[in-house]
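The structure is shown here for reference.

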Amino acid sequence: AACLKALEEALKREPSSWVHLERSRVFEEIGDLDRALADCDSALSIDGESAELLARRAHIQICRRHYHLAEPDLGRAAALAPRDPQPRLTRATVRLIRGDLKGAVEDARAAGKVGGDEALLERCRFEVYAKKLAGVEKTLAAVEKRRPDLKGAVAYERGALALKRRRYLVAAGHFEKAAALGGPGGLSMKAAFHRAVSLGVGLTGARAEAPPPKDKARLLICGLGIVPPYTASLDALRMIAACDFVFNNLSEPEIGSLIWLLSDEGEPTMFDVRGADARWTKTIFRHVKPGKTTGFVTRGHPHVCGGLAASLIAECRRQGVEWRVYPAVSSMDTLAFDALPGSAAFWGQQVLDWSTLYAPETTVDPRVPAVLYFNASVAVVSEADYLRFCDRLESFYGAEHEVFFYGRSFNERPDRVKLSALRRWHGRIDPSYTLLLPPRSA
């Protein structure tokens, strides 16, 4: 709060793109991405377009998961700084998330031409995702020879290459070496995790279970826990490796990259909560074919983000498709019990960040339970903005709607209060609190 006040005073004295940029970083730190984005816009209006400012705004759009808005900013940043590989590498990641594998590889290759050996390693990674494997080992060997300090990173990329080729035990050996050598960006921990995945999938067999009969289709619905991929079960990861095609509802690069390594083909879903279940069920079922295994991967328990998982199961029953659910235990199990105790017709949950309710385009379906998470911005929000948040909630549910308010632990029973009571809680809500909104009665 003191930092924000000082930056605000500085802007009152003299508008400055640098101050807007610094305040954008503070707003990002406390989770207020809308204000962080507004500061980026203000900085650009003062100094005009620059690679640094455009890349910063793209970063905020990525944090907001507005990838379609980040991509053009990164393109302009790359044009303004043609010798800097980073805008292209970041756009390659954005394109990978959006399912544009061809564009991602093109960006990574362009970055490899202007960047150093680190950029070449990034290029190798994207080529592996796209199964363009010829020449990858040659590039890795050349980098290893020139840069002994990158041996850990080279070993990691060799592990990724072996994993993509389904040589699981070979991959585990490379990842073990990478974990021992280490490198930037928490490489040791990431390599150790990938070694465990490679061993787990390799020793149990990605295709230990027979594929479906030629006249039958199979759909696997996998939840990877609250911090994917680290909270995923081995069964879920093994089943992803057994899929012929995977729909990925997780946009974070780390889990996305693992899914690209484990599976043959796939595409992102990135569906919104309201009104998308039927559309995405149809899209996914275009790939559900006899003799093939299709996967749908999401966060936490699979019954999250509205009713898509339940809609998929209903369609499996209608068409006679074999289906299986591979869940990870998460807070959703506790919340589901409180939302609809004893109900056999649980249709998923909407997951919301509290600050998104400021945006007029945000919609909430009051027929489906909603889980609302707070963050650090709730500690500094103005009373006027906080009451605007309350107004939005009441517009969907009504002031008398009863909700569950969880404290720091899901092990303790929540408080049951009416939505109208939240109006008196400005300045009293801890960022770790969680609000569960049961469905509104018809």
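The model is a predicted one. In soluble globular proteins, nonpolar side chains tend to be buried together. Here the largest nonpolar core has 55 residues, and the members that touch the most others within this core are C222 and L224. Helix 10, residues 151-164, supplies the largest share of this core, with 8 residues. Apart from this core there is a second, separate one of 26 residues, with V381, C390, L435 and L437 among its members.

The aromatic rings come next. A pair of aromatic rings is described by the distance of the centres and the angle of the planes. The model has 11 aromatic pairs. One of them joins F245 and F247, whose ring centres are 5.1 Å apart with 55° between the planes, a tilted arrangement. The angle is not over 60 degrees, so the pair does not count as edge-to-face. F245 has a relative accessibility of 12% and therefore counts as buried. F247 is buried too, because its relative accessible area is 0%. Elsewhere, W354, F374, Y386, F389, F405, W425 and Y433 form one aromatic cluster.

How many disulfides does the model contain? The count is 0. For C243, the nearest cysteine sulfur belongs to C222 and lies 6.1 Å away. A disulfide needs the two sulfur atoms within 2.5 Å, so C243 is in no disulfide. C243 is buried, because its relative accessibility is 1%. C124 likewise has a relative accessibility of 1% and so counts as buried. C222, the cysteine whose sulfur is nearest to that of C243, is also one of the two residues that touch the most other members of the largest core.

The last stop is a polar residue. N249 sits in the loop between strand 2 (245-248) and helix 14 (253-262). Is N249 buried or exposed? Its relative accessible area is 12%, and because the limit for buried is under 20%, N249 counts as buried. The side chain of N249 makes a polar contact, at 2.8 Å, with the side chain of T269.

Conventions:
Residues numbered from 1 in each chain as written. Predicted model: local features only at pLDDT ≥ 70, side-chain atom pairs only at ≥ 80, totals over all residues. Heavy atoms only, no water. Helix = DSSP H or I, 4+ residues; strand = E, 2+ residues; numbered from the N terminus. Buried < 20%, exposed > 50% of the residue type's maximum accessible area, 1.4 Å probe, protein only. Polar contact = N/O pair within 3.5 Å; in protein donor to acceptor, adjacent residues only side chain to side chain. Core = buried A, V, L, I, M, F, W, Y, C linked by side-chain atoms within 4.5 Å. Phe/Tyr/Trp six-rings, centres within 6.5 Å; stacked < 30°, edge-to-face > 60°.
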